[in-house]
Amino acid sequence: MGETMSKRLKLHLGGEAEMEERAFVNPFPDYEAAAGALLASGAAEETGCVRPPATTDEPGLPFHQDGKPAAKVDQETLTEMVKPSIDYVRHKKFRSGNYPSSLSNETDRLVHWCHGAPGVIHMLMQAYKVFKEEKYLKEAMECSDVIWQRGLLRKGYGICHGTAGNGYSFLSLYRLTQDKKYLYRACKFAEWCLDYGAHGCRIPDRPYSLFEGMAGAIHFLSDVLGPETSRFPAFELDSSKRD
Ligand SMILES: [Zn+2]
């Protein structure tokens, strides 16, 4: 039993060490602390909330912009066929709030759009829009907290498994909730990405590509400038048009 315990302890400590290896410790104060400091200094400026612009729906998409299913996919079908899968994924959540990278993998290591909470958060937000159940929004917010803590990745700045992709989760949650806390978090991850190459991160196999490299990071930085119309490229539905 002693040996089993020590094995478990080793696994646990090893897992924690590996987790630390994969992400930087987030050096930024979170929104409440930062906003409190600004208010105390008298420098806070009320910018006001801007609602997302009204958009038209594109024919052929299974969902309207407000998240409601298009006529061809009725709510009953979604509830019967899609909701159980969503709830199954939800119940795979680790105690940390992160999600497994695959169904057979019980190691809580990866916090990437392609593996873990930064991908699952988009499913939860869509589930909230479609089924209108608070639990989905609450869990999306919990994902956001994990991403804030563990999302500055040593793998680099890309959108697939890099800091910019994790930053997109904040932009999406900001659009959904209009809570400036999430816009603040996106801005801080953007600030990190602006120091591109200064953190000793790994150089991606395709350093200029959209998903692994610089192109994705630039896309994210450009989207931070227009958060209301931001969209994770080739992933989030977008029928809004920019000038
Ligand atoms: Zn990836």
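## Contacts along the chain

Among contacts in the chain between residues at least 6 apart in sequence, 61% link residues at least 24 apart; two residues are in contact if their C-beta atoms, placed from the backbone, lie within 7 Å. The model is predicted: local features need pLDDT of at least 70, side-chain atom pairs count only at pLDDT 80 or more, and totals for chains, interfaces and linings use all residues. Residues are numbered from 1 along each chain as its sequence is written.

## Helices and burial

The chain has eight helices and zero strands. Helices (H or I, at least four residues) and strands (E, at least two) are DSSP runs, numbered from the N terminus.

Of the 243 residues in the chain, 30% are buried. A residue is buried if 20 or more other C-beta atoms lie within 10 Å of its own, exposed if 12 or fewer, and partly exposed in between.

## The largest nonpolar core

A nonpolar core is a set of buried Ala, Val, Leu, Ile, Met, Phe, Trp, Tyr and Cys residues joined through C-beta atoms within 7 Å. The largest such core holds 44 residues, of which Leu124 and Ala186 touch the most other members. At least two residues of this core come from each of α4 (117–131), α5 (134–150), α6 (163–177), α7 (180–194) and α8 (214–224). The largest share, nine residues, is supplied by α7.

Leaving aside residues up to four places away in sequence, Ala186 touches Gly167, Phe170, Leu171, Tyr174, Val224 and Pro227. Leu124 lies 9.5 Å from Asp87, C-alpha to C-alpha, although the two are 37 residues apart in sequence. Asp87 belongs to helix α3 (residues 75–90) and counts as exposed because it has 12 C-beta neighbours inside 10 Å.

## The packing of α5 and α6

Two packed helices are described by the angle between their axes and the distance between the axes. The axes of α5 and α6 come within 10 Å and cross at roughly 145 degrees; axes are lines fitted to C-alpha atoms, for helices over the stretch in contact, and angles run from 0 to 180 degrees between N-to-C directions. On the α5 side the contact is made by Ala140, Cys143, Ser144 and Ile147, and on the α6 side by Asn166, Ser169, Phe170 and Leu173.

Gln178, in the loop between α6 and α7, has a positive phi near 60 degrees without being a glycine. Gln178 counts as partly exposed because it has 14 C-beta neighbours inside 10 Å.

Ala234, in the segment after α8, also is not a glycine and has a positive phi of about 60 degrees. With 11 C-beta neighbours inside 10 Å, Ala234 counts as exposed.
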